[in-house]
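Here are my notes for your read-through. Please keep the structure open beside them.

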Amino acid sequence: MKEYDVGGMGCAACSARVEKAVLEVAGVSSCSVSLLTNSMLVEGTASDDAIVSAVENAGYSACKRKTKRKSTDEDDSLADKETPVLLKRLIASFGFLILLMYLSMGHVMWNFPLPLFLQNNPALIGTLQMILAAIVMGINHKFFTNGFKGLIHRAPNMDTLVAMGSSASFVYSFYVLILMFVSSNSAHYLHDLYFESAAMILALITLGKMLEARSKGKTTNALKSLMNLAPKTTTVIRDGAEVKISVDDVKKGDIFVVRPGESIPVDGIVIEGNSAVDESALTGESVPVDKSVGDIVSAATINQSGFIKCEATRVGENTTFSQIIKLVREASATKAPIAKIADKVSGIFVPVVMAIALLVFVVWMILGKSVGFSLTRAISVLVISCPCALGLATPVAIMVGNGKGAKSGILFKTASSLEMAARTQIVALDKTGTITKGEPEVTDIIGEENLLQIAYSLEKKSEHPLAKAIVKYGEENGISALETTDFVIFAGGGLKASLGEETICGGNADYVKKYVDISAEFLEKANKIASEGKTPIFFAKGKQVLGIIAVADKIKTDSAKAIEELKRMGIRTVMLTGDNKLSAETIAKQVGIEEVFAELKPEQKEKAIVNLQKEGKVSMVGDGINDAPSLTRADIGIAIGAGTDVAIDAADIVLVNSNLSDVGAAIRLSRATLKIIRENLFWAFIYNVICIPVAAGAFVWAGLTLNPMIGAAAMSLSSFCVVTNALRLNFFDVRKMK
């Protein structure tokens with residue numbers, strides 16, 4: 001996926017135009033343009049030059065965003081560059097606007113005093129108004145540049161509406177001013193001048209855009225605060241001495257030291273010392289985690305107490321922290337499905353508004369109204385109908401929701417996953433590593449004397465949590481591994497290898513039965529073990545069953561509470577596991593799950609997801625390689641953060657702190673975000689539905705009209721309100737049940 005910076009966009013119509021232009025490029029499979037971050041994500045084989053050219057031909061600018069940055073560089077892609085520029089424009093605009101308003105309204109309407117050279121000289125007063133209005137228009141020339149450029153490229157946008165409204169007021173007033181110079185009674189024409197409207201529209205919309213820009217800047221606060229946690233320098237051991245270097249110069253294998261109060265610079269493993277580390281930047285949990293030799297530490301976490309020495313394992317963009325930042329940024333640049341509603345409307349909205357404005361002008365002229373009255377109604381329609389609020393309704397909520405999730409240890413990979421999680425009706429859960437800790441221990445060994453050595457030799461090459469338990473037990477008991485060859489893993493079943501001339505295998509009963517006959521006595525013992533919540537693993541050599549090793553995994557402390565929360569949220573819970581049926585049912589009963597599908601291979605888990613999807617939207621929660629197919633198949637895949645890279649890559653949501661309770665938290669946050677989006681879209685739509693008829697003069701009979709200046713102010717405030725509404729998500733407690 002390639003990321004680009006896009007310049008010149010002012011509203012949803014602009015982003016829709018850019019998106020459409022890029023999608024027409026050969027080789028582009030998908031394109032998502034974010035008005036909020038002025039960025040674009042493109043997938044496909046098209047070249048950078050072709051994509052940039054398409055954007056430029058549409059009337060905008062684009063450049064490839066740098067994918068690799070030094071941590072010591074100032075990352076200004078999230079900086080609020082708009083507000084300072086708009087503030088300067090606003091101050092200058094209002095400075096000249098005050099003088100203009102004094103002349104146009106202060107003197108003409110309320111007889112405010114004027115200098116002697118202006119008294120009894122209406123034409124000169126009109127000329128000064130024109131000059132002041134022209135200055136304000138010059139200060140805000142960007143509206144005209146972007147607006148008419150969009151019109152030339154047959155892609156009118158918000159700036160087009162503003163430019164046309166302001167220009168219409170100015171041109172008509174200029175015409176009236178000419179009449180003043182040729183008329184013998186020019187004073188009465190002063191009331192027909194609309195120079196103040198031409199300038200006021202621009203000033204008020206600039207005010208609205210500045211408020212909008214400031215609010216938009218706050219939507220990225222969560223991400224910016226995360227990025228600021230990354231340290232710029234660190235202390236490493238070079239030639240036996242401590243040397244302070246830039247974090248960017250740290251290499252894999254370097255030894256670095258972290259003193260109390262310092263941030264950990266890169267991912268690593270503790271090789272000396274003990275400490276308590278604040279990992280809230282990654283997990284959202286404020287309670288420090290104890291670290292000792294052999295424990296993993298992550299970049300941007302804070303060493304709170306002891307002195308530790310660590311070996312760097314992942315540096316630069318490969319650290320967990322960098323990956324989190326990347327995920328949040330990419331998610332914020334994507335679009336939620338619900339945004340398509342606004343995109344479709346925005347794509348045709350501006351041309352329709354222009355047609356309505358023209359129709360309004362013609363109708364009022366036909367009805368016998370003056371040019372001034374008819375023009376005022378048409379201009380009001382133009383400036384009240386800005387599609388900005390529509391374009392911002394979804395992305396601002398997505399940005400705030402993503403940032404809130406990141407600070408809470410919940411990572412949504414795309415805007416779509418943030419929206420779709422809210423629609424979850426069924427949650428399917430893996431057992432080992434998801435409901436349980438994924439750190440099983442050997443509890444029973446039943447069988448031949450050489451059972452443990454054969455099992456140890458076989459399981460030593462496997463990464464499965466149950467295998468690790470047997471390997472750990474073997475190492476603790478000083479068992480030596482036998483040389484095996486032709487090692488093969490059968491996901492969800494077991495594994496086998498060659499030991500000399502014979503085949504050895506291990507796994508569940510169904511798998512081992514393929515190679516040897518299992519006696520009723522062994523099966524009965526296995527059932528008894530399983531009924532106690534333990535997992536029986538059979539081992540065989542040649543045609544002989546060697547015995548059973550029982551492994552038990554402890555249930556996570558928050559699992560039962562998490563399942564109860566999901567039920568209270570109206571969500572159905574189901575367990576999908578490759579474990580023994582009796583063992584799975586015992587664990588399920590302890591945590592409150594009533595539906596269990598056990599002894600499933602990966603492809604059977606995936607099929608179970610397909611069957612569940614016939615009954616509702618399914619979220620799958622897992623952590624292992626065997627969960628990857630079902631995570632991908634589910635409507636939403638949720639990976640436990642401590643799981644395998646394969647599971648995390650296949651998932652749509654990653655729970656960094658590996659707590660099952662965060663499944664409910666992710667769904668609650670998604671529901672809250674979707675609620676905000678719906679509110680924003682409602683207010684954006686209803687605003688236009690109500691205001692356009694009023695601006696057009698449909699209620700003139702009731703004495704209700706809309707001045708273009710009031711329309712400009714109202715339009716500006718609509719976007720500001722949409723952004724401010726989204727910021728309410730910052731106060732949402734993701735872990736609190738309503």
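1. A term to begin with: two strands count as paired if DSSP finds at least two bridges between them. The model is a predicted one. Keep that in mind for the points below.

2. Start with the sheet of three strands. This open sheet runs in the order β10-β9-β12, and its pairing is antiparallel. Strands β10 (289-291) and β12 (302-303) are the edges, each pairing on one side only. Between β9 (residues 275-278) and β10 there are three bridges.

3. Strands β19 (residues 502-507) and β20 (residues 535-541) are antiparallel and share four bridges. Which residue of β20 is the bridge partner of G507? It is F538.

4. Now the helix on the sheet.

5. Is G474 buried or exposed? G474 is buried, because its relative accessible area is 0% and the cut-off for buried is under 20%. This glycine sits in helix α17 (residues 465-476). Beyond its neighbours within four places in sequence, G474 contacts Y456 and I479.

6. Two backbone angles deserve a look. Most residues other than glycine have a negative phi. D239 is not a glycine, yet its phi is positive, at about 55°. D239 lies in the loop between β5 (233-238) and β6 (241-246). With a relative accessible area of 84%, D239 is exposed, as the cut-off for exposed is over 50%.

7. The second case is E599. This residue is not a glycine either, and has a positive phi of about 55°. Its loop connects β23 (595-597) and α22 (602-613). E599 counts as partly exposed because its relative accessibility is 33%, which falls between the cut-offs of 20% and 50%.

Key:
Residues are numbered from 1 along each chain as its sequence is written. This is a predicted model: local features need pLDDT of at least 70, side-chain atom pairs count only at pLDDT 80 or more; totals for chains, interfaces and linings use all residues. Side-chain values use heavy atoms; hydrogens and water are left out. Helices (H or I, at least four residues) and strands (E, at least two) are DSSP runs, numbered from the N terminus. Buried means under 20% relative accessible area, exposed over 50%, partly exposed in between (1.4 Å probe, protein chains only). Contact means heavy atoms within 4.5 Å.
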